[in-house]
Amino acid sequence: MQDFTESMAAQVVRPRNNANYKGQNGHIVIVAGNERFGGAAIMSAQAAVYAGAGLVTVATAAKNHAPLHARLPEAMVIDWADANLPILLRQADVIVVGPGLGVDAAALGILSLVLSAVTDSAALIIDGSAITLIAENHIKVLHQQTIWTPHPIELQRLVQLAPPAQTDIVLPVVAHDQLPGILVAKGAPTRTIADHAAFRNTSGGPAMATGGTGDTLTGVIAAFCGQFGFNVHVVAAAVWTHSAAADLLAADQYVAVPSQVAAAVPKIMRRLSQQ
Ligand SMILES: NC(=O)C1=CN([C@@H]2O[C@H](COP(=O)(O)OP(=O)(O)OC[C@H]3O[C@@H](n4cnc5c(N)ncnc54)[C@H](O)[C@@H]3O)[C@@H](O)[C@H]2O)[C@@H](O)CC1
Ligand SMILES: Nc1ncnc2c1ncn2[C@@H]1O[C@H](COP(=O)(O)OP(=O)(O)O)[C@@H](O)[C@H]1O
Ligand SMILES: [Mg+2]
């Protein structure tokens, strides 16, 4: 497994053309946030906006609409029970499903809807509750452009491998056999794995050990795929950038508060683009 460094991230995050417009930077649809976990949807959406997504729409429980708009006016919103959601999902360049989704019957229904609406050309980021639901219900995901973002316990649910067995040698084999697309095995360090490449992240640290850090990562990965395409280097660069933003805060804060991490991402992207 190869270290993923700042100079590798700088090969992904290049300066924008002068004529660049929002339609070229990806329409992201984030399906997230039940009545308890609205914050997860807000953090994912904030990170997507701050990492440069062209358009961000959040499909979430009705209760979360006003708080989302108050915190993040850049994001659009749709009720996740709205009959138009499948149309929106079919228009998306990148879909995030799972942060704060919950694991009840309603959440399972929404996840099934997403899995049936995603088009072949869209990237699909599966996180949090969606991973737990897929594992518990033995759902087979066939979508090729999938990005899985489990923490070690979610990964254990998914592939029946306890955290100590999630080694650099074993994970690529298991990912190849069981998970289509790209695996982001979060931890210290996070490893980003595809069929022909595997990277160990070199940024980040324990200041990130707080609820919401993973929700924020989903938005950064989504925005990177929306702007730079779907491949393992782009995803590893998103992981590096998210943790580097946390490192920036950790230089003079004990805790890298997730919404502050999102707010620091544009600074890191600017630094990368100037290299
Ligand atoms: N503000 C919010 O709305 C938040 C919502 N969240 C959502 O809440 C749902 C449940 O997620 P959770 O991850 O809390 O619950 P889970 O039940 O999936 O996993 C939690 C368990 O995993 C363990 N764990 C996590 N990382 C670990 C590591 N690196 N090594 C060893 N053990 C580890 C925890 O200690 C805990 O026992 C998800 O949908 C998530 O997106 C969380 O992100 C927290 C914040
Ligand atoms: N000690 C640590 N060192 C590096 N990264 C960490 C550390 N602790 C947590 N993280 C990062 O924080 C994130 C936690 O994700 P997750 O558990 O899904 O959070 P949540 O679901 O609460 O948003 C991952 O990206 C993980 O790599
Ligand atoms: Mg999580």
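## The sheet

Ten strands form an open sheet in the order β1-β10-β9-β8-β7-β6-β5-β2-β3-β4, and the pairing is mixed. The model is predicted. Strands β1 (2–4) and β4 (76–79) stand at the edges. Each has a single partner strand, so one side of each is left without a neighbour in the sheet. On average, neighbouring strands are turned by 20 degrees against each other, direction ignored.

Strands of a sheet pair through backbone hydrogen bonds, either parallel or antiparallel. Two pairings illustrate the parallel sense here. Strand β2 (residues 27–31) pairs with β5 (residues 94–97) over four bridges, in the parallel sense. Which residue of β5 is the bridge partner of valine 31? The partner is valine 97.

## From β3 to β4

Strand β3 (residues 55–60) runs parallel to β4, and four bridges join the two. Threonine 57 stands opposite methionine 76 of β4. The chain passes from β3 to β4 through helix α3 (residues 65–71). This β-α-β crossover is right-handed.

Helix α8 (residues 170–178) lies across β8 (182–185), β9 (191–194) and β10 (197–201). Its direction runs at about 45 degrees to β9.

## Helix against helix

How do the two helix pairs below compare in angle? Take α5 and α6 to begin with. The axes of α5 (residues 105–117) and α6 come within 10 Å and cross at roughly 90 degrees. A crossing of 65 to 115 degrees counts as roughly perpendicular, and α5 and α6 are therefore roughly perpendicular to each other. On the α5 side, Ala107, Leu108 and Leu111 make the contact. They meet Ser129, Ala130 and Leu133 of α6. By class, this contact has five nonpolar residues, one polar and no charged.

The other pair is α2 (residues 38–50) and α11 (residues 258–273). Their axes come within 8 Å and cross at roughly 10 degrees. Angles under 35 degrees count as roughly parallel, and α2 and α11 are therefore roughly parallel to each other. From α2, the contact takes Met43, Gln46, Ala47 and Tyr50. From α11 come Pro258, Ser259, Ala262, Ala263, Val265 and Pro266. Eight of these residues are nonpolar and two are polar, with no charged residues.

Ligand 1 has 20 residues around it. Phe37, Gly39, Gly128, Ile153 and Gly211 come nearest. Which elements give two or more residues to this shell? They are α2, α6, α7 (152–159) and α9. The shell divides into seven nonpolar, eleven polar and two charged residues.

## Backbone details

Two loop sites deserve a look. A cis peptide bond joins alanine 188 and proline 189, with omega about 5 degrees. Proline 189 sits in the loop between β8 and β9.

Histidine 138 has a positive phi of about 50 degrees, although it is not a glycine. Where does histidine 138 lie? Its place is in the loop between α6 and β7.

Terms used: Residues are numbered from 1 along each chain as its sequence is written. Chains are lettered from A and ligands numbered from 1 in the order in which they are written. This is a predicted model: local features need pLDDT of at least 70, side-chain atom pairs count only at pLDDT 80 or more; totals for chains, interfaces and linings use all residues. Axes are lines fitted to C-alpha atoms, for helices over the stretch in contact, and angles run from 0 to 180 degrees between N-to-C directions. Angles under 35 degrees count as roughly parallel, over 145 as roughly antiparallel, 65 to 115 as roughly perpendicular and the rest as oblique. Two residues are in contact if their C-beta atoms, placed from the backbone, lie within 7 Å. Ala, Val, Leu, Ile, Met, Phe, Trp, Tyr, Cys and Pro count as nonpolar, Asp, Glu, Lys and Arg as charged, and the others, Gly among them, as polar. Two strands pair if DSSP finds at least two bridges between them. A crossover is right-handed if, with the strands pointing away from the viewer, the path from the first strand over the helix to the second runs clockwise. A residue is near a molecule or strand if its C-beta atom, placed from the backbone, lies within 6 Å of it.
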